Amino acid sequence: MAWFATQGFEVTGIDRSAEAAQAARAHGEFIQANIENAPWPLMQSGLPRQFDVVVVTNYLWRALFPTILQSLTPGGVLLYETFAVGNETVGKPSRPDFLLRPGELLQLCQNLNVVAYESGFLTAPERFVQRIAAVAPAPGKVPEPAPARHPLSLE
């Protein structure tokens with residue numbers, strides 16, 4: 001939120017943590033909510049509010065995938081990075097419920113224009129992740145064919 005706010009964007013954050021709320025409110029609108037066990041807090045006229053950019057980091061709740069996609073304006077950008085299978089070998093999270101399966105973000109974004117995708121091992125701290133940058137097409141437009149994908153080498 002801080003970086004986007006310094007770039008002149010109006011920002012909205014969601015987290016259930018009171019500590020996150022305290023820090024985030026300095027940068028824009030913040031909603032403290034448990035988005036796993038309550039209705040989506042960003043509804044407008046019965047639909048999720050839409051944003052030009054949706055950023056999801058270190059978080060996975062598969063039931064929210066459709067809502068996340070519906071939250072993009074036409075031409076809106078999704079930036080998503082979280083832990084992936086393999087992370088259980090280096091630390092937490094380690095439960096499969098909290099780890100993306102191989103290619104899962106690509107599947108999620110199959111109706112978006114994928115700009116960048118990575119999947120693999122990162123250091124400092126050691127972790128396995130998937131990350132994607134994808135753009136929602138304009139209404140009635142078909143996503144551009146995705147370029148060949150080459151996952152990060154684990155060697």
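User: What volume does the second largest pocket have?
Analyst: The structure is a predicted model, in which local features need pLDDT of at least 70, side-chain atom pairs count only at pLDDT 80 or more, and totals for chains, interfaces and linings use all residues. A pocket is found on a 1 Å grid over the protein atoms alone, as an open set of points where a 1.4 Å probe fits, with protein on both sides within 12 Å along at least five of seven lines. Grid points are joined across faces, edges and corners, and the volume is the space filled by probe spheres set on the points. For the second largest pocket, the volume is about 160 Å³.

User: Which residues lie nearest the centre of the second largest pocket?
Analyst: Residues are numbered from 1 along each chain as its sequence is written, and side-chain values use heavy atoms, with hydrogens and water left out. A lining residue has an atom within 4 Å of a pocket point. The second largest pocket has 14 lining residues, and those nearest its centre are L69, N111, L112, A136 and P137.

User: How many charged residues are in the lining of the second largest pocket?
Analyst: Asp, Glu, Lys and Arg count as charged; Ala, Val, Leu, Ile, Met, Phe, Trp, Tyr, Cys and Pro count as nonpolar; the others, Gly among them, are polar. In this lining, ten residues are nonpolar and four are polar. The number of charged residues is therefore, under these classes, none.

User: Which element supplies the largest share of the lining of the largest pocket?
Analyst: Helices (H or I, at least four residues) and strands (E, at least two) are DSSP runs, numbered from the N terminus. At least two lining residues come from each of β1 (12–15), α2 (18–24), β2 (29–32), β5 (51–57) and α3 (65–70). The largest share is seven residues, and the element that supplies them is β5.

User: How many residues apart are R49 and E29, which form a salt bridge?
Analyst: A salt bridge is a side-chain nitrogen of Lys or Arg within 4 Å of a carboxyl oxygen of Asp or Glu. For R49 and E29, the closest N and O atoms are 3.2 Å apart. R49 is in the loop between β4 (47–48) and β5, whereas E29 is in strand β2, and the pair links distant parts of the chain that are separated by 20 residues.

User: What relative accessible area does T89 have?
Analyst: T89 is placed in the loop between β6 and α4 (104–108). A polar atom of its side chain lies 2.6 Å from the backbone oxygen of G86. T89 counts as exposed, and its relative accessible area is 59%.

User: Which residues form one aromatic cluster?
Analyst: Rings of Phe, Tyr and Trp (its six-membered ring) pair if their centres lie within 6.5 Å, and planes under 30 degrees apart count as stacked, over 60 as edge-to-face and the rest as tilted. W3 and F4 are edge-to-face, at 5.0 Å centre to centre and 85° between the planes. The centres of F4 and F9 are 5.6 Å apart with the planes at 75°, so this pair is edge-to-face. The aromatic cluster is formed by W3, F4 and F9.

User: What relative accessibility does F9 have?
Analyst: W3 counts as exposed, at 55% relative accessibility. F9 counts as partly exposed, and its relative accessibility is 43%.

How values were computed: Buried means under 20% relative accessible area, exposed over 50%, partly exposed in between (1.4 Å probe, protein chains only). A polar contact is a pair of N or O atoms within 3.5 Å; within protein, one must be able to donate a hydrogen and the other to accept it, and residues adjacent in sequence count only if both atoms are side-chain atoms.
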